[in-house]
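Which charged side chains pair with one another in this chain, and where do the partners lie? The paragraphs below take the pairs in turn.

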Amino acid sequence: MSFEKSLLWKKLFENNDDIQHSEQVERLVSTYKNMRSQVAYLVGEISVDLPQYTVHDITHLDALWDIADQITGENYSINPLEGFVLGGALLFHDAGMTMASYPGD
């Protein structure tokens, strides 16, 4: 899981010194990882529906954490909840590119 190696992920979820909210932060991490596993299936189907596209699987989504590192830098102020929302946006931004996202339609 390369996203966990990004500086931003570590800053938000591993090196967070906020003991008062550690349980809530762990819940965000758990929920993110659950969402990630479900989205991995969806984006894995993009290559079936759009074989001419570049790679848009879970590795693409995980790599966006590294891009976010470059954009935010070391001194960017962001809290774990904001990081969770960012992570959700990274996960779902391509999910609609596959018919698997629209069961029954």
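D62 counts as buried, at 4% relative accessibility, where buried means under 20% relative accessible area, exposed over 50% and partly exposed in between, computed with a 1.4 Å probe on protein chains only. This is a predicted model, in which local features need pLDDT of at least 70 and side-chain atom pairs count only at pLDDT 80 or more, while totals for chains, interfaces and linings use all residues. Residues are numbered from 1 along each chain as its sequence is written, and side-chain values use heavy atoms, with hydrogens and water left out.

The side chain of D62 meets that of R36 in a salt bridge, at 2.6 Å from N to O, the term standing for a side-chain nitrogen of Lys or Arg within 4 Å of a carboxyl oxygen of Asp or Glu. This pair links distant parts of the chain, since D62 lies in helix 4 (residues 58-72) and R36 in helix 2, 26 residues apart; helices here are DSSP runs of H or I with at least four residues, and strands are runs of E with at least two, numbered from the N terminus. R36 is buried as well, with a relative accessible area of 12%.

By the same rule the count comes to three salt bridges. In one of them, E4 pairs with K33, their closest N and O atoms being 2.7 Å apart. E4 lies in the segment before helix 1 (7-14) and K33 in helix 2 (residues 22-44), so this pair ties together parts that are 29 residues apart in sequence. K33 counts as partly exposed, at 32% relative accessibility.

R27 forms a salt bridge with E23, with 3.6 Å between the closest N and O atoms. Both residues, R27 and E23, lie in helix 2, four residues apart, which is about one turn of the helix. E23 counts as exposed, at 58% relative accessibility.
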